[in-house]
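Morning. I have one model to go through, and I will keep to the geometry. Please have a look at it first.

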Amino acid sequence: MGIVGLGWAGETHLKSYLRLPNVEAVALAGLDELRLRELGERYAVPNLYRDYGELVARDDLDAVSICAPNHLHAPVANAALKSGKHVLCEKPLARTGAEAEGIVRTARDVGRVVHIAFTQRERGDVQVLKRHILDGNLGRIYYAKATWMRRNGIPGMGSWFTNKEMAGGGPLIDLGIHMIDMALYLMDEPDIESVSCATYAELGPQGRGGRPDAKTIVGVAYEVEDLATAFIRLSGGATLNLEAGWAAYRESSDDFGLTLYGTDGGAEMKVRNYGTQDTVRIYTDVSGVPAVVVPEIETREGHLAVVSRFVETVRSGDWQGQVGEVGLRRARIIDACYRSALEKREVSFSQQRGSR
Ligand SMILES: NC(=O)c1ccc[n+]([C@@H]2O[C@H](COP(=O)([O-])OP(=O)(O)OC[C@H]3O[C@@H](n4cnc5c(N)ncnc54)[C@H](O)[C@@H]3O)[C@@H](O)[C@H]2O)c1
């Protein structure tokens with residue numbers, strides 16, 4: 001394995017690979033010399049680069065994890081794929097649908113795997129919900145609400161996160177994408193019919209709502225939204241209501257959750273400050289009487305699950321259809337949301353596809 005980008009995400013990928021049997025971390029790439037040397041020594045990785053191009057060109061690597069800022073996902077993925085590597089890319093797959101499409105096309109052309117680190121869907125509570133849904137306990141889900149909201153949670157004020165060119169957007173592409181992924185995964189991947197979105201930048205541009213973070217400050221102005229809200233129409237008449245915010249005058253916490261209403265049952269997941277226990281309630285009728293199921297939740301590590309599945313897929317040799325399409329579908333939704341917010345109107349998905 002080679003890993004490009006050595007912030008929190010990069011180190012988490014590295015630690016996860018090292019827990020798997022017969023996986024070796026061969027090379028790391030990052031811009032911060034000190035961090036590069038520190039991680040190289042701590043995890044005994046021998047080859048360290050500032051230039052990711054040198055890393056992906058090595059012929060002793062099977063695969064590359066991309067944990068760099070979002071604007072680098074497409075260039076690094078394409079370079080890695082073209083030099084024969086499989087790719088595990090952090091979310092979002094890319095800043096835009098067009099960039100994501102390029103990655104998927106390259107993966108198909110060269111016959112390599114692309115997986116995306118949608119780590120939140122791997123949580124124990126989401127997996128419990130998935131089991132209930134697959135067992136039919138909720139019936140047909142016709143309405144979902146998904147939210148991820150923070151009080152003061154703008155990551156690295158003035159870092160790449162708040163720069164439109166480097167990040168592609170704010171909390172919608174950072175947190176909202178996890179919630180869109182989680183909801184659509186649980187709802188069995190319905191098609192998207194239309195999107196109506198509004199974005200706000202009320203606190204960030206005033207220098208409010210930041211959280212202390214060890215991000216490299218590039219000193220750019222605050223250019224992205226700090227709150228996004230969207231109403232998404234799905235095939236079969238279901239709808240998804242989304243909100244994603246890094247900063248707002250609300251409780252001082254970092255909370256995400258999901259509400260699902262189905263024809264035979266409902267479910268609620270409430271996660272406060274990344275807690276993992278007692279997060280799910282399933283609402284149903286037992287013998288005609290309203291009942292609440294409180295499932296026991298297994299604690300799972302999202303990155304370990306994603307990294308393990310990626311390695312398993314690469315090893316299996318069965319790479320058919322593993323080209324990152326789920327990341328592309330999510331990127332198209334984010335595109336449509338930003339377009340809808342900009343043009344202040346609902347964007348239909350047939351229009352969105354036609355406009356490419
Ligand atoms: N799935 C999750 O839960 C999760 C959590 C955090 C971050 N992420 C994703 O991981 C990615 C990185 O986020 P982060 O918080 O770790 O960011 P970060 O800013 O902490 O780290 C970015 C790293 O990329 C390196 N880098 C920047 N330019 C580079 C270049 N040209 N070549 C090589 N390396 C370069 C930096 O040196 C740094 O090591 C983002 O896409 C983010 O969305 C995902």
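Are α6 and α8 roughly parallel or roughly antiparallel to each other? They are roughly parallel, therefore in the class for angles under 35 degrees, whereas over 145 counts as roughly antiparallel, 65 to 115 as roughly perpendicular and the rest as oblique.

Some housekeeping. This is a predicted model, where local features need pLDDT of at least 70 and side-chain atom pairs count only at pLDDT 80 or more, while totals for chains, interfaces and linings use all residues. Residues are numbered from 1 along each chain as its sequence is written, and side-chain values use heavy atoms, with hydrogens and water left out.

Back to the pair. Helix α6 covers residues 124–134 and helix α8 covers 171–186; they pack at about 25°, axes 10 Å apart. Axes are lines fitted to C-alpha atoms, for helices over the stretch in contact, with angles from 0 to 180 degrees between N-to-C directions. Helices are DSSP runs (H or I, at least four residues), as are strands (E, at least two), numbered from the N terminus.

On the α6 side, V126, Q127, L129, K130 and I133 meet M182, Y185 and L186 of α8, contact being heavy atoms within 4.5 Å. Those residues divide into 6 nonpolar, 1 polar and 1 charged (nonpolar is Ala, Val, Leu, Ile, Met, Phe, Trp, Tyr, Cys and Pro; charged is Asp, Glu, Lys and Arg; the others, Gly among them, are polar).

Next, the backbone. Phi of E189 is near 55°, a positive value in a residue other than glycine. K91 and P92 are joined by a cis peptide bond, with omega about -10°. P92 lies in the loop between β5 (86–90) and α5 (97–110).
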